[in-house]
Amino acid sequence: MSLVQDRKSSIALDKRIIFALDVESPAEAKEWALKLESHVRFFKVGLQLFLAGGFDVIDWIVKRNLEVMVDLKFFDVPATVASAVAQLRDRGISFTTVHGNDAILKAAGEAKHDVKILAVTVLTSLDEGDIRDLGFQCSVEELVLSRARRALELGCDGVVSSGLEAPKLRSALGDRFLIIVPGVRPVSNREDDQKRIVDVHSAFSNGADHVVIGRPIRKAEDPLALIRGMHVDIERALERRTSG
């Protein structure tokens, strides 16, 4: 087993799910963190919450010895993106997301310091028809693989990708990078704005290191029971990957 594989296999079960704090206020975000922290130790702060709470809510999460993914999908001229990424240094932030071309990704990678850079490949709210509307003459899988390969060459630490493309990424690019999978839904909950979705077991069977989940947990009658069930699915999927 390589050092990279060993490090990734040592990710704690309660950090495999990154709970998306896509809520309206810092107070609501803190309520959810306190409710879930016995089962989930990794939280996502996205655009909505960051605009409502800024760094204060991030600092609060970090001070509770929880991990944070800052999901702002930086997309601007390279110098501006580098400056933005630099603002995240030395705050205890684990991941941040960048969405852009080679120059943007390179700038982010050079400025990252102690924050891992995740390159957004293709949003999980887009399907084949959507990317054709955007002018791409290839499949989603081909576009994701192309973007992921360039991102890793440019100094990014991993990618954000649908679980549907994860097997191709692992097959073509190996294990020396992180795959974070959003758009994860229970099989019975497929009616929302996510199009390229998988369930928890499939995400990890396909090669994910972490999954990002928000609405299914927030809307669950018993969020902690749902998470416990997801943990079972994650353990089974990881055991299958290891034995395979």
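Residues are numbered from 1 along each chain as its sequence is written, and side-chain values use heavy atoms, with hydrogens and water left out. In this predicted model local features need pLDDT of at least 70 and side-chain atom pairs count only at pLDDT 80 or more, while totals for chains, interfaces and linings use all residues.

Q: Which residues have the most contacts inside the largest nonpolar core?
A: A nonpolar core is a set of buried Ala, Val, Leu, Ile, Met, Phe, Trp, Tyr and Cys residues joined through side-chain atoms within 4.5 Å. Buried means under 20% relative accessible area, exposed over 50% and partly exposed in between (1.4 Å probe, protein chains only). The largest such core has 59 residues, and those with the most contacts inside it are Phe-43 and Val-211.

Q: How many residues does the other core have, the one that includes Ala-20 and Phe-95?
A: This core lies apart from the largest one. Leu-178 and Ile-180 are also among its residues, which number ten.

Q: Are helix 2 and helix 3 parallel or oblique to each other?
A: Helices (H or I, at least four residues) and strands (E, at least two) are DSSP runs numbered from the N terminus. Axes are lines fitted to C-alpha atoms, for helices over the stretch in contact, with angles from 0 to 180 degrees between N-to-C directions; those of helix 2 (residues 26–36) and helix 3 (residues 47–63) come within 9 Å and cross at roughly 45 degrees. Angles under 35 degrees count as roughly parallel, over 145 as roughly antiparallel, 65 to 115 as roughly perpendicular and the rest as oblique. The two helices, helix 2 and helix 3, are therefore oblique.

Q: Which residues of helix 11 make the contact with helix 2?
A: Helix 11 (residues 223–243) packs on helix 2 at an angle of about 55 degrees, the axes being 10 Å apart. Contact means heavy atoms within 4.5 Å. From helix 2 come Trp-32, Lys-35 and Leu-36, and from helix 11 Pro-223, Leu-224 and Ile-227.

Q: Is Thr-121 buried or exposed?
A: Thr-121 lies in the loop between strand 5 (116–120) and helix 6 (128–133). Not counting residues up to four places away in sequence, Thr-121 touches His-99, Val-144, Arg-147, Ala-148, Val-159, Val-160 and Ser-161. Because its relative accessibility is 1%, Thr-121 counts as buried.
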